[in-house]
Structure formats: structure tokens, C-alpha cells
Amino acid sequence: MQFPLSPDDAVQLISSPVSFGDGSISVRCCEEKGRILVAERSFKPGEIILVESPLVRCSLDEAIPACKHLMEMESSWEGSLEYPALFYWAALNTLTASEAAGSMLGTWCTISAETQNHALELFTPKGSDTLPSGGVRALLEDFWPEGLGPDASKLELLLQIWIFNSFNIS
């Protein structure tokens, strides 16, 4: 597949890690919401209709120096992060090892390029701004020496992806 994907190829890619059972639900593109699930029949209460493995699973962990620093940025640096630290942490955990390399705060879990491509196909509103926000710029300055680290616009896009696609934030 070549990126960026056509809407049909994107539906195929994002649906590949999902088990739909007997075809009772399908994935469709909706201009206002991105990819949506559509029921093809009625379901009984308690019936399993979808099984999906997470692309990225992460939680805040003070034992990881980079995560601890991010949490400190959230709590003590007024206004440096526009969103909860968990969203930035999810974005950092959606970098590949080569993109995260050289961090002054050590290492953390990264993902394969293939998994990142799946994540990059998740919904963000049309026209979403990928200009690096103040929080992303602050994070880049604190985590990497100048000239190293991930592309700022890509990190902003990953942040926006997790803001618009996270379901269990606690």
C-alpha cells in the first residue's frame, strides 16, 4: 500500500486487526466522523459484536524517566501542556525506535513502522492543524538535543490522533 491511502484502502488497513465475527457489522467512511462501525442487524444484550486488540497500550509510569518528566511538565509548568500528560505519553509511545532515539530522558516503549502506519490512519478531523503546538514544542525541547528527535508535525499528528481516538482515559 502507498501512503496516503485512498478511503477504501484506509478502511481495509484499519479493519485488518479487528475481528467482525459473522459480518454483522461493517466499517464505512463518514465525512463528518471518519471511519465508523455500522450494525447490519440487531444485537442481543451482552452479545459480543467486536473484538479488537489495541494498537498502543500505555499508562503513566513514574519509574520511566521520560514519563515522570512529562508528568512533572503537566503538574508544575503552568500552560506548557495543553492536554493531559497521558495523551502526550500515548503519542511518544507511538513513535518508532529510530524516531525516539537520542532522547536525553532515556528510552520507553516504541512501535513498529507498520503499527505506526495503522495509527496514522486513525481519525482526525479534516483540516486538523499539524503545526506543532506549544506542548509539543516544549516536549521536544526537553526530551531531545536540538536537531534530534521526531518530526514535530508528526508528533503533533500522533497527539491529535490519541485525543480523537482514545476511549478509556482515567
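The buried residues of helix H6 pack against H2, H3 and H7; here, contact means heavy atoms within 4.5 Å, and buried means under 20% relative accessible area, with exposed over 50% and partly exposed in between (1.4 Å probe, protein chains only). The model is predicted, and local features need pLDDT of at least 70, side-chain atom pairs count only at pLDDT 80 or more, and totals for chains, interfaces and linings use all residues. Residues are numbered from 1 along each chain as its sequence is written, and side-chain values use heavy atoms, with hydrogens and water left out.

**Overall architecture**

- The protein has seven helices and four strands, taken as DSSP runs numbered from the N terminus (helices: H or I, at least four residues; strands: E, at least two).
- Along the sequence, these elements follow the pattern α-β-β-β-β-α-α-α-α-α-α.
- Of the 170 residues of the protein, 36% count as buried.
- Among contacts between residues at least 6 apart in sequence, 60% join residues at least 24 apart.

**Helix H6 and its packing with H2**

- Gly135, Val136, Ala138, Leu139, Leu140 and Phe143 are the buried residues of H6.
- Helix H2 (residues 65-76) packs with helix H6 (residues 134-143) at an angle of about 135°, the axes being 11 Å apart. Axes are lines fitted to C-alpha atoms, for helices over the stretch in contact, and angles run from 0 to 180 degrees between N-to-C directions.
- That angle makes H2 oblique to H6; angles under 35 degrees count as roughly parallel, over 145 as roughly antiparallel, 65 to 115 as roughly perpendicular and the rest as oblique.
- The crossing of H2 and H6 is right-handed, a term used if the near helix is turned clockwise from the far one by less than a right angle, with anticlockwise giving left-handed.
- H2 contributes Ala66, His69, Leu70 and Met73 to the contact, and H6 contributes Ala138, Leu139, Asp142 and Phe143.
- By class, the contact of H2 with H6 comprises six nonpolar residues, one polar and one charged. Ala, Val, Leu, Ile, Met, Phe, Trp, Tyr, Cys and Pro count as nonpolar, Asp, Glu, Lys and Arg as charged, and the others, Gly among them, as polar.

**Packing of H3 with H7**

- The axes of helix H3 (residues 85-92) and helix H7 (residues 152-165) come within 8 Å and cross at roughly 125°; H3 and H7 are therefore oblique to each other.
- The crossing of H3 and H7 is right-handed.
- In H3, Phe87, Tyr88, Ala90, Ala91 and Leu92 meet Leu155, Leu158, Leu159, Trp162 and Ile163 of H7.
- The contact of H3 with H7 has 10 nonpolar residues, with no polar and no charged ones.

**The loop between H3 and H4**

- Asparagine 93 lies in the loop between H3 and H4 and counts as buried at 6% relative accessibility.
- The side chain of asparagine 93 reaches the backbone oxygen of tryptophan 89 at 2.7 Å.
- Not counting residues up to four places away in sequence, asparagine 93 touches Val56, Cys58, Trp108, Cys109, Thr110 and Ile111.
- Threonine 94 is found in the loop between H3 and helix H4 (97-100) and counts as buried at 0% relative accessibility.
- The side chain of threonine 94 makes a polar contact with the side chain of tryptophan 162 (2.9 Å). A polar contact is a pair of N or O atoms within 3.5 Å; within protein, one must be able to donate a hydrogen and the other to accept it, and residues adjacent in sequence count only if both atoms are side-chain atoms.
- Leaving aside neighbours within four places in sequence, threonine 94 is in contact with Val56, Ile111, Gln116, Ala119, Leu158 and Trp162.
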